[in-house]
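Trainee: Could you walk me through one part of this model up close? I'd like to look at the salt bridges and the places they connect.

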Amino acid sequence: MAAFNVTPSDPSTFILMGIPELEAAHGWISIPFSMFYIISLFGNFMVLFVVGKEQTLHKPMYLLLCMLALTDIGMSTSVIPKALYIFWFNLKGITLGGCLTQMFFLHTVTIMQSAVLVTMAFDRYVAICNPLRYTTILTNARIAKLGLVGLIRAVLIILPLPLLLIRQPFCANRIIPHTYCEHIAVAKMSCGDITVNRIYGLVTAFVVIVLDLTLIALSYVLIIRAVLRISSKKAHQKALNTCTAHICVMLMSYTLCLFSYLTQRFGQGIASHVHVTFVNFYLLVPPMLNPIIYGVKSKELCDKVYKYTCRR
């Protein structure tokens with residue numbers, strides 16, 4: 001409990017406590033954190049390297065996979081290095097500017113990833129429902145433009161969060177029971193009225209999640225309708241198999257994201273160390289598993305990865 005009585009000597013500094021109530025176990029907790037993070041970086045950079053090197057993989061589906069890999073790297077890297085500094089060296093201080101920067105990049109990348117998953121669903125819809133027009137509808141240039149639109153959307157949605165927070169007066173006790181600067185956790189450190197911050201954060205999350213999930217659901221309704229019209233059972237299976245990886249990644253990402261968000265907002269009965277641990281694994285597990293899922297389900301990508309990792 002003594003650790004929670006720490007107050008920052010610099011008035012512009014916040015204290016990130018790591019995982020509350022488990023400070024004594026930080027060293028052990030850092031082992032799976034660091035292992036998952038290294039595996040995540042290796043897998044996602046491998047995807048970027050292989051797709052970049054192989055001209056045969058310069059296709060819309062693999063460009064989207066590269067976008068997903070970049071968002072995975074961004075999500076984990078915006079949080080895990082600082083968490084490891086806390087676990088290993090007890091470096092808990094972070095400036096207000098650093099805190100807001102971390103918050104901005106993490107939430108921007110999270111919304112960007114949601115946009116990538118929506119675009120992947122659209123890609124599968126076109127591939128199954130309009131296969132003859134796939135190469136004309138989804139060109140590499142169009143995929144790049146959709147990625148840029150997703151990035152601009154994420155920046156415009158998240159930018160007001162740090163701008164609203166930087167105007168707030170913060171109390172003397174700036175101890176955040178977390179491993180990173182989550183929006184509501186930082187807002188709670190304010191001595192002022194944070195009603196606008198709460199409402200904007202809630203509306204933003206609701207609109208983004210509902211809109212993106214609706215677009216994904218619509219894509220799969222149209223996909224299922226198109227598949228049911230196919231008479232061949234073998235063609236049924238082949239069409240649905242092309243969606244398996246995206247469905248796995250989507251379900252894992254959105255399920256963990258929704259649970260994390262709802263427990264942060266409404267899970268007062270959940271122990272803080274349980275919530276913080278879960279949120280951190282949400283930032284670690286999907287980025288680690290996504291390249292594995294796509295590597296297993298995509299024979300073309302798997303063969304190219306094997307070519308670079310196993311050749312003599």
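Mentor: Start with Glu54, Lys304 and Lys307, which are linked in a network of salt bridges (a salt bridge being a side-chain nitrogen of Lys or Arg within 4 Å of a carboxyl oxygen of Asp or Glu). Keep in mind that this is a predicted model, where local features need pLDDT of at least 70 and side-chain atom pairs count only at pLDDT 80 or more, while totals for chains, interfaces and linings use all residues. Residues are numbered from 1 along each chain as its sequence is written, and side-chain values use heavy atoms, with hydrogens and water left out.

Now zoom in on the pairs. Glu54 bridges to Lys304, with 3.5 Å between the closest N and O atoms. That joins distant parts of the chain: Glu54 sits in the loop between α1 and α2, Lys304 in helix α13 (residues 299–310), and they are 250 residues apart. Helices here are DSSP runs (H or I, at least four residues), strands are too (E, at least two), and both are numbered from the N terminus. Glu54 also pairs with Lys307, and there the closest N and O atoms are 2.8 Å apart. Lys307 is in helix α13 and Glu54 in the loop between α1 and α2, so this pair ties together parts 253 residues apart in sequence.

How covered are these residues? Glu54 is buried, because its relative accessible area is 7%, whereas Lys307, at 34%, is partly exposed. For the cut-offs, buried means under 20% relative accessible area, exposed over 50%, and partly exposed in between (1.4 Å probe, protein chains only).

Why might such pairs turn up at all? Side chains of opposite charge can pair when their charged atoms come close. A search of the whole structure finds 6 salt bridges, and one of them is worth a visit next: Asp212 and Arg153 meet at 3.0 Å, N to O. Here Asp212 belongs to helix α9 and Arg153 to helix α6, 59 residues apart. Asp212 is buried at 2% relative accessibility, while Arg153, at 23%, counts as partly exposed.

Helix α6 (residues 140–158) packs with helix α2 (residues 60–77) at an angle of about 25°, their axes 9 Å apart. So α2 is roughly parallel to α6 (angles under 35 degrees count as roughly parallel, over 145 as roughly antiparallel, 65 to 115 as roughly perpendicular and the rest as oblique). The axes are lines fitted to C-alpha atoms, for helices over the stretch in contact, and angles run from 0 to 180 degrees between N-to-C directions.
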